Amino acid sequence: MDNIDLKPVKGIEAWARKQFKDNHFVYYTRKGAYAECHCAECGARYVLRALPTEDPFQDAAMDIEKPERDAKTFCRKCKTKAIYKPAGHTRSEYALCRIVFGQKIDDEHFVFRAFYADQHTRQACDTVYRCQEDERIFLEKGKKPSRYDHYAYYSNDAWYDTKTWYPRTTGENWRYLVHPRTYKEIAKTGMFKYVPVEKSIMNHYYDECGLIDYYIAAARYPDFEMILKAGLIEYADNLVRKIPVNPNPRGKNIEDRLRINKNRIKSLIAYKGTKQVLEMYQLERRLGKHWNDEELEIIKELRDNTYSTDWEKASKVLKHISPIRLRNYMKKQKMWMPGKIADWRERNRRQDLRREYYDYISMRINEGYDMTNDVILFPTDFRRRRDEMLLMVEKAKMDKRKTEVLEKFPKIKSKYKKLSEKYSAAAGGYIIRPAKDAAEIVEEGRILHHCVGGDGYLRSHNDGRSFILFLRKADKKDIPLITIEIRGEEIIQWYGAYDKKPNKSIIDAWLKTYTKELKQRKAGKKAVKEAVKAVKTA
């Protein structure tokens, strides 16, 4: 499509200029009983009598008008309707708009051409107009659109392919206009010939964006005409607005296209193709079910009161549990949410319970449990069962992680004895020591809920750039308390559970004394080595 040479649109600049009819200005300067006026549109200058005289016959023969800021008037020369602005006290005035012109290429190809138009009335009291084409959206039957931007200011008057169309950002001073000839060109194009013009869908955005997105959908989806004529307005609207509706483009009929059972088509039309109802019918077909009216009402109630992020988990539950049994169990567990519950705290509590139940069932499915067993599906205390499952799953993940890091960072274990001689200490009811191996560091991070178990800290300890030390109470040596990163004799950082610093003043004082002792140890060892060396050389 980029090889098509499109000719300039005749009359587009003149038509664009007419769209600024409400933005013409007459600038005035008051001089006593007179006012000097300057029309920014035609450049004419003339003088008006601003104050009447005492002679009524003379006043009747004179053009008397007192100019006031933002008052409506007209130019006495070109007769253009305008607004008064005081000369010398007004900034430059801008008016902007984007104009869409649709053009037929052939029966299966169409192009929307977007023009940027503006009116600039400068402080010199003259008006400059500009209208240039800056965007093209090519439509081809059954395919996605192609969009081209015009970067004439640096690309040698070239068009740049941006692959897909997206609406322009908008501002308060923008207007979006469609050239009248566009609708005639659309009517002449074969792929749009029988597509109904649905204004309720096109008016979701500004005219430009709505019109283009509407006909993008009409070109891309061959059955768009059938969808509109069947009354599936909401479904067509979602196609236009690019809201995911899970269609099947290869479907040979409407039920395959929508992925629903054939007996649901009339009901869906009655709902105008609403997204929530469509998803419910799609779920029915995907699960291979045939729900009755009562079950559908339960599903609808669940869908309306379930977050979109949790609906996928709820769908897994419905694969193994009938809607009626699920509702009865939820009522028994006090997590059913009828519309009459007005208290938001109670609604949130029930929503959280349902989410936890969905998580419980999902974990059972993932672990390969028998999902026909009522004991598993409907536990008396599902929250306790869920916590047990979480611990089991977490333990399996942690065991796998520990095995991996022990193989990946073996030097941490081999350095333990040497580091223990250097860094181990005990005082004031606390002990400090280095990590025994990589698995112990991972376990420390899991229990205290911080990031020390990550590969970065493990690699640094393994390579000797810095080391991980554990500070614990002397009478509770096996319970993690504080994790420390040290380099040489300097503490880099220390944290307790959840990246917090409990008893900060006490721990800081203890660590200050500890680092002082480390430096003394180092100085003492250095003195001993020098003494030994002196004895050997004597």
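**View 1. Glu-312 is partly exposed, with a relative accessibility of 49%.** The cut-off matters here, because a residue counts as exposed over 50% and as buried under 20%. In this predicted model, Glu-312 lies in helix H12, which spans residues 308–320. Ser-362 is 50 residues apart from Glu-312 along the chain, and the C-alpha atoms of the two are separated by 10.0 Å.

**View 2. Five strands form an open sheet in the order E3-E2-E1-E5-E4.** The pairing in this sheet is mixed. Strand E3 (45–49) and strand E4 (72–74) stand at the edges; each has a single partner strand, so one side of each lacks a neighbour in the sheet. On average, neighbouring strands of the sheet are turned by 40 degrees against each other, direction ignored. Strands of a sheet pair through backbone hydrogen bonds, and the pairing is either parallel or antiparallel.

**View 3. Strands E1 and E5 run parallel.** Phe-25 stands opposite Ile-83 in E5.

**View 4. Helix H3 (residues 181–188) has a buried side and a face turned away from that side.** The buried residues of H3 are Thr-182, Glu-185 and Ile-186. Around the helix axis they cover an arc of only 100 degrees, which means that they sit on the same side of H3. In an α-helix there are 3.6 residues a turn, so residues three or four places apart point the same way. Lys-184 and Ala-187 are exposed and are carried on the face of H3 turned away from the buried side.

Note on methods: Residues numbered from 1 in each chain as written. Predicted model: local features only at pLDDT ≥ 70, side-chain atom pairs only at ≥ 80, totals over all residues. Heavy atoms only, no water. Pairing = 2+ DSSP bridges. Helix = DSSP H or I, 4+ residues; strand = E, 2+ residues; numbered from the N terminus. Axes fitted to C-alpha atoms, helices over the stretch in contact; angles between N-to-C directions. Buried < 20%, exposed > 50% of the residue type's maximum accessible area, 1.4 Å probe, protein only. Arc of directions from axis to C-beta.
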